[in-house]
Amino acid sequence: MHACLSALRRLTDQLTAIVTVADDGGSSGRIRTELGGLPPGDLRMALAALCGDDDWGRTWARALQHRFGGSGNLAGHALGNLLITALWEELGEPVAALDWVARLLGARGRVLPMAGVPLEIEAVVRGVDPGRPLELSTVRGQHSLAKTPGEVLSVRLLPQDPPAVAEAVAAIDEADWAVLGPGSWFTSVLPHLLVPELADALLRTKARRMLVLNLVPQIGETDGFTPADHVEVLAAHAPGLRLDAILVDPSSVRGPHEARKLDEVAGLLGARVHTATVAADGELPFHDPERLAHAIAAIVDDRA
């Protein structure tokens with residue numbers, strides 16, 4: 001989401017990020033356990049991505065992401081997590097608090113939690129024990145799932161029917177485009193489709209729908225996945241969902257067979273595959289915000 005938001009804020013300030021609230025590790029996990037509120041980490045990352053490229057934006061983005069060192073009670077906490085949590089406690093309303101933080105940062109857009117309560121992710125995983133490769137296990141918690149060996153088959157949310165944030169539903173209803181991905185497929189992208197009110201909004205909205213695919217499979221979550229596999233898993237978790245566009249970097253598609261399979265799966269969802277270089281230069285698989293912005297703008301202009 002950070003990469004996608006960094007790209008989209010170059011194109012518009014009429015932008016709403018709808019962010020998962022299932023993080024249970026690190027600073028967010030500690031705040032969640034000790035104070036009982038929503039985990040702020042992914043929301044903080046989204047706010048930092050919406051900061052501008054001027055001195056104000058860069059300074060606040062760095063401050064928001066700053067983690068305290070040492071060995072005391074603050075060690076490991078991100079300043080942005082503490083700021084968001086403090087405003088939640090002061091105002092008693094998560095959406096209002098996030099809007100205030102966005103105003104402070106001069107963020108180009110709005111950040112909303114996808115649900116009004118903290119969530120847990122529970123996954124069915126095959127082969128957690130290497131000695132029993134066909135055995136199915138249940139793994140609970142985003143942090144645990146990220147470290148679990150084996151093949152993730154499906155995920156669900158606990159509670160299973162969480163209440164969506166009303167402003168998030170309204171944003172989808174009023175959007176021109178709804179953009180899904182990239183990100184950790186089972187723990188960041190798919191959970192949005194498991195909140196019933198958000199899923200319903202994505203099905204009924206008049207907005208066009210775009211899926212931005214990951215550059216490479218993620219160790220643990222999507223080992224061995226092809227681009228088509230990513231789309232098929234998404235479709236399995238969101239029956240009836242239609243897409244208009246799927247954006248993929250050419251380096252992610254290994255040969256003509258994978259390309260044909262992606263076209264086939266995309267066609268079943270009503271989507272056209274758009275291939276564009278969106279990866280950053282270098283060995284690490286990161287999206288380049290400028291390239292991603294250019295590719296997204298080309299798709300939007302093509303469908304205008």
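Predicted model: local features only at pLDDT ≥ 70, side-chain atom pairs only at ≥ 80, totals over all residues.
Next, display strand 8 (residues 245–248) together with strand 9: the two pair in the parallel sense over four bridges. Leu247 is found opposite His274 in strand 9.

**Helix 10.** Select residues 196–204, where Leu198, Ala199, Ala201 and Leu202 are buried. These residues lie on the same side of helix 10, because they cover an arc of only 160 degrees around the axis. Their cover includes strand 1 (16–19), helix 8, strand 6 (177–180) and strand 7 (208–212).

**Asp173.** Move to helix 8 (residues 166–174), which contains Asp173. Asp173 counts as partly exposed because its relative accessibility is 35%. Beyond its neighbours within four places in sequence, Asp173 is in contact with Ala201, Arg204 and Thr205.

**His230.** Select helix 11 (residues 227–237) and locate His230 within it. Is His230 buried or exposed? With 4% relative accessibility, His230 counts as buried. Residues up to four places away in sequence aside, His230 touches Trp185, Leu213, Asn214, Thr222 and Phe225.

**Aromatic pairs.** How many aromatic pairs does a search of the whole structure find? The search finds two. For one of them, show Trp56 and Trp60: the ring centres are 6.3 Å apart and the planes stand at 55 degrees, so this pair is tilted. Both residues belong to helix 4 (residues 55–65), four residues apart, about one turn of the helix. Trp60 is partly exposed, at 24% relative accessibility.

Phe186 and Phe225 form an edge-to-face pair, with 6.3 Å centre to centre and 75 degrees between the planes. Phe186 lies in helix 9 (residues 185–189) and Phe225 in the loop between strand 7 and helix 11, so the pair ties together parts that are 39 residues apart in sequence. Phe186 is buried, at a relative accessible area of 0%, and Phe225 also counts as buried, at 10% relative accessibility.

**Final stop.** Select Trp100 and Arg103: Arg103 lies over the face of Trp100, 4.2 Å from the ring centre.

Note on methods:
Residues numbered from 1 in each chain as written. Heavy atoms only, no water. Buried < 20%, exposed > 50% of the residue type's maximum accessible area, 1.4 Å probe, protein only. Contact = heavy atoms within 4.5 Å. Arc of directions from axis to C-beta. Pairing = 2+ DSSP bridges. Phe/Tyr/Trp six-rings, centres within 6.5 Å; stacked < 30°, edge-to-face > 60°. Lys NZ or Arg CZ within 6 Å of the ring centre and 35° of its normal.
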